[in-house]
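Thanks for coming. Please look at the structure on the screen.

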Amino acid sequence: MKLSIIVPVYKVEEYLGECIDSLLSQTIDDYEIILVDDGSPDNSGKIADEYAAANPDMIRVLHIDNGGQGRARNFALDIAKGDFVGFVDSDDWVTHDMYEKMYARAAETGADVVVCDFMERFADGRESVLPASLQDNWLGSAGSSCNKIFRRSLVGELRFPVGLWYEDFYFSAVMLLRSKHTEFIAEPLYIYRRGQESTMHNNNAAKNLDMLTIMDMLEKEMVPAGYKDDFEFFLVNHVLLDSIIRMHRSAKRSSENCANTCGQRYPSFLDAAATKRRAASAG
């Protein structure tokens, strides 16, 4: 089988049909859809079962007790049959040819990971394209797993951290580090629905501190493998410039905790951040 598409499902009865319809309409052949009902308290699990009953050769449904998105994805990874795996959030959707284009690029080039652009869709109809990589550093595309496909043999025993925010970032970063060949498709094939709170758009200062735990985990992966400079890039980009801004809106002390962490591990990070801001302004 070419591809397994994994969808964690939780409280999305309003959007789930649109998501699944977009996956059933894919032009790629020989693929499966795995829906994981993460103990959803609404009708999402029922909707998933109805789609599976109507498409038994295409859709499998797992019903588990609620444990978070990362844990739900891990259950699906354990049973995925595809040579590649992709992930979709259940309130988003994809273009009809997304996975055909991504799989074809992987087959043509031998890539381990293929990445596409996002289309950000707002409730009022506005749209904006988010390029696959916003920075010169190739790890700048690590943020989400949803705009990527990953070679299953390279995933191996890697799983999403359970009980932490930013588990998506960790998984994608490690996969990009493992990848011997990553391809980028400059087309917005994944449509990201904006308008509700998400991990990346929130004011929960306590949970934003999970990024520090994720950084501890990534440091153990990256520094021994010779990626110290890239790890410092992550500290500046994801802790200093992203997490601190989000947390400062609701809890200054938490943002100071992040700043102190950057300073301890990367003493010249303020100079690096200033250089980054100047470069962005010049651009």
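I will go through the salt bridges, starting with the conventions.

This is a predicted model, in which local features need pLDDT of at least 70 and side-chain atom pairs count only at pLDDT 80 or more, while totals for chains, interfaces and linings use all residues. Residues are numbered from 1 along each chain as its sequence is written, and side-chain values use heavy atoms, with hydrogens and water left out.

Side chains of opposite charge can pair when their charged atoms come close. The rule here takes a side-chain nitrogen of Lys or Arg within 4 Å of a carboxyl oxygen of Asp or Glu. By that rule, the count is 15 salt bridges.

Take R60 and E32, whose side chains meet at 2.7 Å, N to O. This pair links distant parts of the chain, 28 residues apart: R60 sits in strand β3 (residues 59–64) and E32 in strand β2 (residues 31–38). Strands are DSSP runs of E, at least two residues, numbered from the N terminus.

Are these two buried or exposed? E32 is buried, at 4% relative accessible area, and R60 is partly exposed, at 26%. Buried means under 20% relative accessible area, exposed over 50%, and partly exposed in between, with a 1.4 Å probe and protein chains only.

Next, D97 and K101 form a salt bridge, with the closest N and O atoms 3.2 Å apart. D97 is buried, with 16% relative accessible area; K101 is partly exposed, with 30%.

D65 also pairs with R71, at 3.1 Å between the closest N and O atoms.

Finally, a network of salt bridges links R73, D89 and D168.

How values were computed
Helix = DSSP H or I, 4+ residues; strand = E, 2+ residues; numbered from the N terminus.
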